[in-house]
Amino acid sequence: MLPSFAHQKVTIRTPGQTPKWGGTVEDWTQVTEETVTCIWYSLSGIETVNGRDIQAGARTVFLEPGTRINASCRLRFPDGGRDWEIIGEPGPQESPLGGVSNIEVLCKRWEGDQ
């Protein structure tokens with residue numbers, strides 16, 4: 001359970017699914033959104049890829065146990081309106097007292113120089 005001082009918000013954007021090529025693929029034209037309370041903090045810096053500077057931002061987000069989220073989702077924070085990609089699978093964090101205390105999600109965003 002998140003602490004009582006948790007007040008930040010994030011919108012979880014989950015893609016729909018559509019049949020294609022004999023299977024199912026993500027459909028970002030049919031998105032489900034849910035805004036939830038969380039705690040998050042940012043890290044940012046510049047990465048160089050193939051001689052080009054890329055502004056990279058990373059955020060770690062802590063969500064309530066039971067929040068519906070997976071690696072296919074995107075996160076949208078109220079400070080910019082851009083989608084952040086989830087890196088890896090969201091992971092439940094166990095409390096030392098037993099049970100899940102929160103779900104930890106790492107997300108990242110890149111922007112290349114123009």
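**Fold, charges and surface**

Mentor: The protein has 0 helices and 6 strands. Helices (H or I, at least four residues) and strands (E, at least two) are DSSP runs, numbered from the N terminus. This is a predicted model, where local features need pLDDT of at least 70, side-chain atom pairs count only at pLDDT 80 or more, and totals for chains, interfaces and linings use all residues. Residues are numbered from 1 along each chain as its sequence is written, and side-chain values use heavy atoms, with hydrogens and water left out.

Trainee: What pattern does the protein follow along the sequence?

Mentor: The pattern is β-β-β-β-β-β. The C-alpha atoms fill a box of roughly 45 × 40 × 25 Å along the principal axes.

Trainee: What percentage of the residues count as buried?

Mentor: Of the 114 residues, 33% do. Buried means under 20% relative accessible area, exposed over 50%, partly exposed in between (1.4 Å probe, protein chains only).

Trainee: And contacts between residues at least 6 apart in sequence: what share join residues at least 24 apart?

Mentor: That share is 54%. Contact means heavy atoms within 4.5 Å.

Trainee: Switching to charges. Which residues are linked in a network of salt bridges?

Mentor: Arg13, Glu33, Arg76 and Asp83. A salt bridge is a side-chain nitrogen of Lys or Arg within 4 Å of a carboxyl oxygen of Asp or Glu. By this rule the count comes to 5 salt bridges.

Trainee: How far apart are the closest N and O atoms of Arg13 and Glu33?

Mentor: They are 2.7 Å apart. The pair links distant parts of the chain, with Arg13 in strand S1 (residues 8–20) and Glu33 in strand S2 (residues 23–49), 20 residues apart.

Trainee: Is Arg13 buried or exposed?

Mentor: Arg13 counts as buried because its relative accessibility is 12%. Glu33, at 48%, counts as partly exposed. Asp83 is partly exposed too, at 27%.

Trainee: Which residue forms a salt bridge with Arg59?

Mentor: Asp79 does, with the closest N and O atoms 2.6 Å apart. Arg59 is in strand S3, while Asp79 is in the loop between strand S4 (74–76) and S5. Arg59 is buried, with a relative accessible area of 7%. Asp79 counts as partly exposed at 48%.

Trainee: Next, Thr60. Where is Thr60 found?

Mentor: Thr60 is in strand S3 (residues 52–63). Why does Thr60 count as buried? Because its relative accessibility is 7%. Leaving aside neighbours within four places in sequence, Thr60 contacts Ile39, Trp40, Tyr41, Glu104, Val105 and Leu106.

Trainee: Last topic, the surface. Which residues make the nonpolar patch?

Mentor: Ile87, Leu106 and Trp110 make a nonpolar surface patch of about 260 Å². Patches are made of residues with over 30% relative accessible area and no salt bridge: like charges are joined within 9 Å, nonpolar side chains (Val, Leu, Ile, Met, Phe, Trp, Tyr) within 5 Å. Accessible areas come from the Shrake-Rupley method with a 1.4 Å probe; for residues, only the protein chains shown count as cover.

Trainee: Where does Trp110 sit?

Mentor: Trp110 is in strand S6 (residues 100–112). At 39% relative accessibility, Trp110 counts as partly exposed.
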